[in-house]
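User: I would like to learn how to read strand pairing in a model. Please take me through one.

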Amino acid sequence: MGWRHRIQSSYKIITYLNLLGLVLVTALAACSPVAATTVCMIDKDCPAGTVCQQGACVEKNAFACSGDTACQDALASGSWTPANNGPCMLATCKSSACKLVNRDAGAECDDGDGKACTLGACGSDGKCAATTAIKTDSCLISDACVASGASNASDAADGACQVCDPKASQTEWSAAADGAPCADDKVTCTEDKCKAKLCNHDVILKTQCRIGGECLASGAAKSDNPCEVCEPAASQSEWSAAPADTPCASDGKDCTIDSCKGKTCDSSGINDKGCLIAS
């Protein structure tokens, strides 16, 4: 074979390889999962800020996708970390690549105030601005977030009767249902139930009194004054007057009658044993 023929053959081979490489690169670019800006073989073939992936130059933070869900999952898992991410950015799939776009103005967002129950609102600039809005399942009471149904833990006595009810108020304690159980007062004759935000300790039996923290049966007298007794029909929380003529402490005179009048012991009456004559 002559040297002219060898040169012609070599030229044909080189031309064929160049065409084959161009077809291959073009095919790779067409199949690329992200939008190509330049056909490439290595990163150095790409403009600044981009890298070479499957024969195409793409942004460094580009992430191939088949739908919006894939982008959202990648963002949540940390496998995709775009530099401009924020609470008002929405992950979408465009041209087979994940992109961030601004959420609609007014959309709820985390305003970064450190309170999980408060909401911000997205602006047209893609930034989250603080608002006075509170999540529908929460309350904000005394600058603290409270979950719906939670009680006031800071009040040991009546806290169980004060709950977060977002439908009633999101900024103040609401009343728990009347009759809900509350703090035990350790007194056996009372029931501990809520009423109007307070823990009430009403006497259980209508035949008993609770006076001075003590449970008393009907008719029981005060230890130092028999003219004061438990009379549930009159009061279950205060001493009542003993029935008239109830005997009481003697004044030491045989001729006087010692009996109750109201809540005091009276010795002014004279019995049939004699007379009371002033000396």
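**Strands, sheets and burial**

Analyst: Strand β6 (residues 118-122) pairs with β7 in the antiparallel sense over four bridges. This is a predicted model, where local features need pLDDT of at least 70, side-chain atom pairs count only at pLDDT 80 or more, and totals for chains, interfaces and linings use all residues. Residues are numbered from 1 along each chain as its sequence is written, and side-chain values use heavy atoms, with hydrogens and water left out.

User: What counts as a strand, and when do two strands pair?

Analyst: Strands of a sheet pair through backbone hydrogen bonds, either parallel or antiparallel. Helices (H or I, at least four residues) and strands (E, at least two) are DSSP runs numbered from the N terminus; two strands pair if DSSP finds at least two bridges between them. Here the chain has two helices and 20 strands.

User: Which strands form the open sheet, and in what order?

Analyst: The order is β5-β6-β7, with antiparallel pairing. At the edges are β5 (108-109) and β7 (128-134), each pairing on one side only.

User: How many bridges join β8 to β9?

Analyst: Four bridges join β8 (residues 138-141) to β9 (residues 144-147), and the two run antiparallel. Leu-140 has Cys-145 in β9 as its bridge partner. The two strands form a hairpin with two residues between them, and Ser-142 in the turn has a positive phi of about 55°.

User: What share of the chain is buried?

Analyst: Buried means under 20% relative accessible area, with a 1.4 Å probe and protein chains only. Of the 279 residues, 28% count as buried.

How values were computed:
Buried means under 20% relative accessible area, exposed over 50%, partly exposed in between (1.4 Å probe, protein chains only).
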